[in-house]
Amino acid sequence: MCIFLALGGWICLLKFIERFELISPMNVSLLRLISSVICFAWLAKYSLQKRLSTAIRATFLVFVVSITLEMFFGFTEDVVAWNEFAIVGQNSQTRRLIEQILSGLWFSSGLFLVYLMIRSLEQTSRQLETALAELHDSQEQNIRRERLSALGEMASGIAHDLNNTLAPVVAYTESLLTISDLSVEQRRQCECALQAANDAAAVIKRLGYFYRGQDVTVTNELVSLKELVSQIPLLTRPKWRDEAQLQGCTLDVRLDLEDVPPVRGSAAELRTVLTNLLFNAVDAMPDGGVITLKLFKQEESVVVEVIDTGTSMSDEQAARCFEPFFSTKKENSGLGLSVCHGIVLQHGGDIEIDTSPQRGSIFRIILPIAENCQAAIAKRPAAYEPKTELRCLYVEDDAAVRDAFATMFDAIGVQLKVAATGDIGLEMVHQHSYDVVFTDLGMNGTDGAVVLATIKRIRPDLPVVVVSGWPREEVSAWFTDKAQPDHIIEKPAMLKDIVRVLAAIDTPARTDESVNV
C-alpha cells in the first residue's frame with residue numbers, strides 16, 4: 001500500500017511540474033525514467049525479504065489490474081456518455097492523473113515482473129544444483145556405507161583368522177614360561193613375546209568393536225606403569241635399533257623411571273600409546289639421537305614423558321598433531337597420534353606436547369592414580385592342582401592350534417585327547433568317558449555347534465566348552481535358540497583361562513555355573 005501511495009504522490013508531483021513548466025519536457029521525461037528505476041530498485045529490495053512466489057503473484061496482479069484500467073480509460077476516451085462525469089471526462093485533469101499513475105504502475109510492475117521471473121529461474125537453478133549435489137553426496141555416502149559394510153565383513157574374517165594364528169604363539173610361549181630352568185634373559189624375552197601377542201589380540205578385539213559398531217570399553221584393571229614402560233624398549237627394539245642401523249644412524253633409548261602408584265585401565269591400550277609415541281620419536285630423528293622414557297608422580301597423577309632430540313614441530317603442527325588424518329609425513333595416515341589421544345582420554349587422562357627447536361619434542365601423558373589400589377591389587381593365581389584326574393577332549397581341525405592346546409594341557413599336568421574333526425570327536429565321546437569336551441566352533445564338515453548339540457542330547461551332564469576365534473558376543477548370539485555351551489573361551493586362549501574353566505568343572509559346587517573367560 002505504501003508503495004502505491006508513494007508512486008501516486010511522485011506522479012502527481014511530476015504532473016504539477018509539467019503543467020506549470022517548471023522544468024523542460026526533456027528533464028520531466030528524465031525524471032520519469034529515474035523514478036521508474038528507483039521504484040524498480042525499491043521493489044527488488046523489498047522482494048528479497050519476502051517469498052519469491054508471493055512477490056511474483058502480487059506483482060502480476062498489479063500489472064494486470066493497472067494495464068486493464070489503462071486500456072479501459074483508453075477505450076472510453078471517445079465515449080460521449082463518459083464525458084459527462086467530471087472525474088473521468090475527456091478533459092478532466094483527474095483522468096489524466098489517473099492515467100499517469102496507471103501508466104507508471106504497469107510499466108514498473110511489468111519491468112519488476114521480468115526481474116522476478118529471472119530471479120525465480122536463478123533460484124530454481126540453484127535448487128536444482130543443490131538437489132543434484134545432495135543426490136551426489138547421498139550416492140557417495142551409500143558407496144562409503146557399502147564399502148564400510150564390506151570392510152566390516154572382511155575385518156570379521158581377518159579377526160577370526162588372526163586369533164587362530166595367535167593361538168599357537170600364546171600357547172607355546174606360556175608353555176615355555178612354565179619351564180623352571182630358563183635363564184633370566186630367556187624368561188624376560190618369553191614374557192615380552194607373550195605380552196606382544198596379547199597386545200596383538202587386544203588390537204584384534206578393537207577391530208571387532210569396529211565391525212560390530214560398538215563403543216570401545218576400557219578394561220578396568222590395575223596397571224603398573226613402571227613395569228609397563230620398562231617393557232617398551234625391548235618390544236620396539238626392531239624399530240629403534242635394527243631399522244635405524246640399516247639406515248646408517250644410531251638411536252639410544254634410555255629409561256628414567258620412578259616408583260609410582262598404579263593406574264586403572266588397559267595395559268595393552270597404554271602400551272599401544274607408548275609404542276606409537278616412541279615410533280613417532282624415531283621418525284623425528286633420521287640422523288639418530290636419544291629417546292628418553294621418563295616416569296614420575298605429580299600430585300594426584302602419574303606422568304609419562306617420551307622425550308626425543310630430533311626435529312621439532314612448528315607451533316601450528318603441534319596444535320594440530322592430535323587431529324585425525326593430520327600428518328607431517330606423506331606416507332602416514334595421520335591416525336597414530338589421534339588414536340593415542342583418544343585412548344588417553346578414555347583412561348581419564350590427558351596428553352600434551354612440548355616442542356622446542358633446540359631440544360626436540362616432549363609428549364607428556366598424565367593419568368590419574370587409581371583409587372584404593374592397595375586393596376585391589378591382583379595376586380598372581382596359584383598353580384592349578386587338579387583334585388581329580390580329569391579326562392579332557394579337544395575337537396579342532398587346525399593342526400597347529402590343536403597341538404598348541406595339547407602343549408598347554410601338558411604344562412599343567414592334565415590329560416588331553418584330541419580329535420581332528422567333529423565326526424571323530426563325537427565318535428570318541430561315544431566310545432570313551434570324558435569329564436569335559438573342548439571344541440572349536442567353525443570347522444569343516446561337522447562344526448562345533450553340531451558337536452555341542454549332539455553331546456547335550458546324548459550326555460546332558462557332560463560340560464562342553466566352546467573355544468573360538470570369534471568374539472564372545474557373536475558366539476553367545478549363535479547359541480541363543482540352541483543348546484548352550486557351559487563355558488566360552490576366546491582365542492588366543494591363555495593358560496589362566498583354561499585353568500579357570502578346569503577349576504570350575506573340577507569343583508562340584510560350581511558345576512552348574514558358567515565361567516566366561
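Is D259 buried or exposed? D259 is exposed, with a relative accessible area of 65%. Here buried means under 20% relative accessible area, exposed means over 50%, and partly exposed lies in between (1.4 Å probe, protein chains only).

## About the model

This is a predicted model, in which local features need pLDDT of at least 70, side-chain atom pairs count only at pLDDT 80 or more, and totals for chains, interfaces and linings use all residues. Residues are numbered from 1 along each chain as its sequence is written, and side-chain values use heavy atoms, with hydrogens and water left out.

## The parallel sheet

Strands of a sheet pair through backbone hydrogen bonds, either parallel or antiparallel. Two strands pair if DSSP finds at least two bridges between them. Helices (H or I, at least four residues) and strands (E, at least two) are DSSP runs, numbered from the N terminus.

Look at strand 8 (residues 391-395) and strand 10 (residues 436-440). They run parallel and are joined by 4 bridges. Y394 stands opposite F438 in strand 10.

Contact means heavy atoms within 4.5 Å. Axes are lines fitted to C-alpha atoms, for helices over the stretch in contact, and angles run from 0 to 180 degrees between N-to-C directions.

Which residues of helix 14 are buried? They are G448, A449, V451, L452, T454, I455 and K456. Their cover includes helix 13 (422-431), strand 10, strand 11 and helix 15 (472-478). At the start of helix 14, a side-chain oxygen of D447 comes within 3.3 Å of the backbone nitrogen of A449.

## Helix 6 meets helix 7

Helix 6 (residues 225-235) and helix 7 (residues 237-246) have axes that come within 6 Å and cross at roughly 35°. Helix 6 brings P233, L234 and L235 to the contact, and helix 7 brings R237, P238 and W240. These residues divide into 5 nonpolar, no polar and 1 charged. Ala, Val, Leu, Ile, Met, Phe, Trp, Tyr, Cys and Pro count as nonpolar, Asp, Glu, Lys and Arg as charged, and the others, Gly among them, as polar.

## Salt bridges

Side chains of opposite charge can pair when their charged atoms come close. A salt bridge is a side-chain nitrogen of Lys or Arg within 4 Å of a carboxyl oxygen of Asp or Glu. By this rule there are 11 salt bridges. One joins D259 to K226, with the closest N and O atoms 2.5 Å apart. This pair links distant parts of the chain, 33 residues apart: D259 is in the loop between strand 2 (251-257) and strand 3 (263-265), and K226 is in helix 6. K226 is partly exposed, at 32% relative accessibility.

K491 and D440 also form a salt bridge (3.4 Å, N to O). K491 lies in the loop between strand 12 and helix 16 (495-506), and D440 lies in strand 10, 51 residues apart. Here K491 is buried at 4% relative accessibility, and D440 is buried at 1%. Elsewhere, salt bridges that share partners join K239, E243 and D283 into one network.

Key:
Polar contact = N/O pair within 3.5 Å; in protein donor to acceptor, adjacent residues only side chain to side chain.
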